[in-house]
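Visitor: Could you walk me through this structure, one feature at a time?
Guide: Gladly; here it is.

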Amino acid sequence: MRKKNASKKKKRKLDALIGGVSKSEGTETGSEGNDNQSGDKGQLDGNPYAPSYFGGQGTGSGGVGYGLNGRGKASFKRLKQDCNESGMVIVKIIVNQSGNVISADPGQRGTTNTAQCLLEPAKKIAMSHKWPSDPKAPSRQVGFVSVNFKLSQ
């Protein structure tokens, strides 16, 4: 009986030390990610330690990165900018079950240069993406494409 009482005392002390976890209400008030909805983001079967909510990371030194989990690799056209500008443009895309991009909106959060001469080719690159078809995918799957423009030397 003494061990049980000692254990209860330890639990009460620990609970007081860390702020009363046993009496937590558990309400959602904050949000993560790039929307205004409260609660956690990401996929249920995703890695909780992943650096992004949207899938694979970009290539880093020029090129395109994208995030449509479960779709495999996409094919796309490469385009150059027609100006002396460089930077990363993040494009929000909507993809149908056939793997075609049906909507592209460049200049999303994370974009480092919003020059029009980068936004237009970024949108064209995003619209050229084609993923493998997936009949089990949502009819409209949202993802992001990051296009890294470098100055040609």
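**Reading the model**

Guide: Let us begin with Asn-148, which lies in strand β4. Helices (H or I, at least four residues) and strands (E, at least two) are DSSP runs, numbered from the N terminus. This is a predicted model, in which local features need pLDDT of at least 70 and side-chain atom pairs count only at pLDDT 80 or more, while totals for chains, interfaces and linings use all residues. Residues are numbered from 1 along each chain as its sequence is written, and side-chain values use heavy atoms, with hydrogens and water left out.

Visitor: In what order do the elements run from the N terminus on?
Guide: The order is α-β-β-β-α-β, giving 2 helices and 4 strands in the protein.

Visitor: Does Asn-148 count as buried or exposed?
Guide: Buried means under 20% relative accessible area, exposed over 50%, and partly exposed in between (1.4 Å probe, protein chains only). Asn-148 counts as buried because its relative accessibility is 18%. Across the protein, buried residues make up 29% of the 153 residues.

Visitor: How far apart are Asn-148 and Gly-87 in sequence and in space?
Guide: They are 61 residues apart in sequence, yet 5.8 Å apart in space, C-alpha to C-alpha. Strand β4 also holds Gln-141, which is buried, with a relative accessible area of 11%.

Visitor: Which residues have the most contacts inside the largest nonpolar core?
Guide: In soluble globular proteins, nonpolar side chains tend to be buried together. A nonpolar core is a set of buried Ala, Val, Leu, Ile, Met, Phe, Trp, Tyr and Cys residues joined through side-chain atoms within 4.5 Å. Here the largest one has 17 residues, and Val-89, Val-91, Ile-93, Trp-131 and Phe-149 have the most contacts inside it. At least two residues of this core come from each of β2 (87-95), β3 (101-106), α2 (116-127) and β4 (141-149). The most are given by α2, with 5 residues.

Visitor: What about Ile-94: is it buried or exposed?
Guide: Ile-94 lies in strand β2 and is buried, with a relative accessible area of 12%. Its C-alpha atom is separated by 9.9 Å from that of Ala-126, 32 residues apart along the chain.

Visitor: And Lys-4, is that residue buried or exposed?
Guide: Lys-4 is found in helix α1 (residues 2-17) and counts as exposed because its relative accessibility is 54%.
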